Amino acid sequence: MSKTVQLADAAADFVAEVERASAANLAACLQCAKCTSGCPVAARGDLKPHVVVRLVQLGQRDAVLGCRTIWECTSCQTCATRCPQGVSVAAMNDALRQMSRAAGKVVAETRVPLFNDIFLRTIRRLGRMYEVGLMTSFKLRTRDFFSDADKVPMMLKKGKLSILPPRVAGKGERKQLFERARRAGGAK
Amino acid sequence: MSYLFYPGCSLEGTARDFHLSTMAVAKALGLELPELPGWICCGSTAAHQTDPLLALALPAKNLAAANGETVAVCCAACYSRLKAANHEIARDAKVRRQVADIIGADYDGRTPVRHLLEILARDIGPEKIAAEVKRPLTGLRAVCYYGCLLSRPPEVTNFDDAENPMLMDRVVAACGAEALDWPHKTECCGASYSITDVGIVESLTREILTMAKAVGADCIVTACPLCQLNLDMRQKDVEAKFGESYGLPVFYFTQVLGLALGLEPKSLGLSSLVVDPMALVARL
């Protein structure tokens, strides 16, 4: 016996919003859990990937925007590759991360948004990644000075780090590009 | 043969040995790789997690600058982002217009993007590579580790079989080494969680290293700067944390190919590897 569940308007709006932002084809999900079976981080997450899809379908905005799983997804694309229904959990997670940030719902434990912001600020300014600068900023902001302290001298010795930042022309143009992308509605 | 080369940021930093060995191998094979002038970062994971249009605009900016010439890439993450931008822009006129407004040029999403493995295994071909081998790597038992982003998602990258890619295996076999069959070719290493949540990387690389050891490999061959760094630089930490012992050198495929072409270890940047490969190299 099937049972019809009528979603409240707010819930239906949420589904549509995630779908618009991700084109992840979420309505097609059959809950077969193949995404979860192949997911490298499903075992540690607070919600399994197929459960996140179901919660989105049911309009559970707070539960999904505030979960840890979306910040532990490695974007490995295994879910999207194997889904028999052409659903992309990886694309859904990108949209959920953006919505989670816009709604101020980011789970406290994750350092991913901070890392992403420093990364993007670095390439806006310099055009290319500057690993020493990125790591310094990240460590200053997280006040985590001791993890991997042994790695820096080793990486320097192995020639894996450039002390000096990269120099690429076109700083003004880059700033414009980032600004236009933001205004076009990418960054919420 | 000539391609416009997009090195990407890692090849100027943590993966400088990938860059060095790529150039050395290209020269030995008569492959020209002039650098795309003024290239900028592809935006990587940070962009696609944060801002979908920026994640397309950054690759598009680079690809538009190539003026339709085929772009060659070594980094799997750059490859994935350039391919994703092409995929989205070529199939959606609205996205194409939005990106054009952002980068100030109408890019059509049709500049061909090739990973160096595609160039070696498809455009040059294993037979031609085998004919250039000066020092066959007989007795080397390698597992080829492709990671996530070369083969997935297949409709975007169109690289090779998504679950069992063979391009790197063919190149390694052409070098005279044995490319072992193994199930972890495309498992995830945890990528940039190396910085934000290292526990993820340690548990995932442990599985890859353990499987490589279990099938009897004496080295891992990679095609991605983050995969290489995670498997190589974190190997000792993983051994200590889980009480394992691997001792597996983690090469870039260009370093393995370079050795087979008779190039000096120094010109291939082998001294940048953290797990010392020299005992293994001396044995060959």
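Begin by selecting A57(B), V71(B), A142(B), V171(B), V172(B), V221(B) and V256(B), the residues with the most contacts inside the largest nonpolar core, which has 155 residues. A nonpolar core is here a set of buried Ala, Val, Leu, Ile, Met, Phe, Trp, Tyr and Cys residues joined through C-beta atoms within 7 Å. Residues count as buried with 20 or more other C-beta atoms within 10 Å of their own, as exposed with 12 or fewer, and as partly exposed in between, the C-beta atoms being placed from the backbone. Of this core, α3(B) contributes the largest share, nine residues. Helices (H or I, at least four residues) and strands (E, at least two) are DSSP runs numbered from the N terminus.

The structure is a predicted model, in which local features need pLDDT of at least 70 and side-chain atom pairs count only at pLDDT 80 or more, while totals for chains, interfaces and linings use all residues. Residues are numbered from 1 along each chain as its sequence is written, and chains are lettered from A and ligands numbered from 1 in the order in which they are written.

Leaving aside neighbours within four places in sequence, V221(B) is in contact with A142(B), C144(B), Y145(B), M168(B), V172(B), F251(B), F253(B) and V256(B). Contact means that the C-beta atoms of two residues, placed from the backbone, lie within 7 Å.

Next, colour chain B by pLDDT, the predictor's confidence in each residue from 0 to 100. The average for chain B is 97, and 100% of the residues score at least 70. For the complex, the predictor gives an ipTM of 0.94 and a pTM of 0.95.

Now display both chains and select the interface. Here 42 residues of chain B are in contact with 45 residues of chain A. On the side of chain B that touches chain A, at least two residues come from each of α2 (44-50), α3 (52-65), α5 (93-103), α10 (193-196) and α11 (198-214). The most are given by α2(B), with six residues. By type, this side of chain B divides into 24 nonpolar, eleven polar and seven charged residues. For this division, Ala, Val, Leu, Ile, Met, Phe, Trp, Tyr, Cys and Pro count as nonpolar, Asp, Glu, Lys and Arg as charged, and the others, Gly among them, as polar.

The C-alpha trace of chain A spans about 65 × 35 × 30 Å along its principal axes, and 38% of the 188 residues are buried. Select 9-102 for domain 1 and 112-183 for domain 2 of chain A; the bounds come from an automatic or database domain assignment. The C-alpha centres of these two domains lie 29 Å apart.

The last stops concern backbone geometry. Most residues other than glycine have a negative phi, and most peptide bonds are trans.

- D148(A) has a positive phi of about 60°. Look for D148(A) in the loop between α8 (131-142) and α9 (151-157) of chain A; D148(A) counts as partly exposed because it has 18 C-beta neighbours inside 10 Å.
- A191(B) also has a positive phi, near 45°. A191(B) lies in the loop between β5 (178-179) and α10 of chain B and is buried, with 26 other C-beta atoms within 10 Å.
- R152(B) and P153(B) are joined by a cis peptide bond with omega about -15°. P153(B) is found in the loop between β4 (141-145) and α8 (154-157) of chain B.
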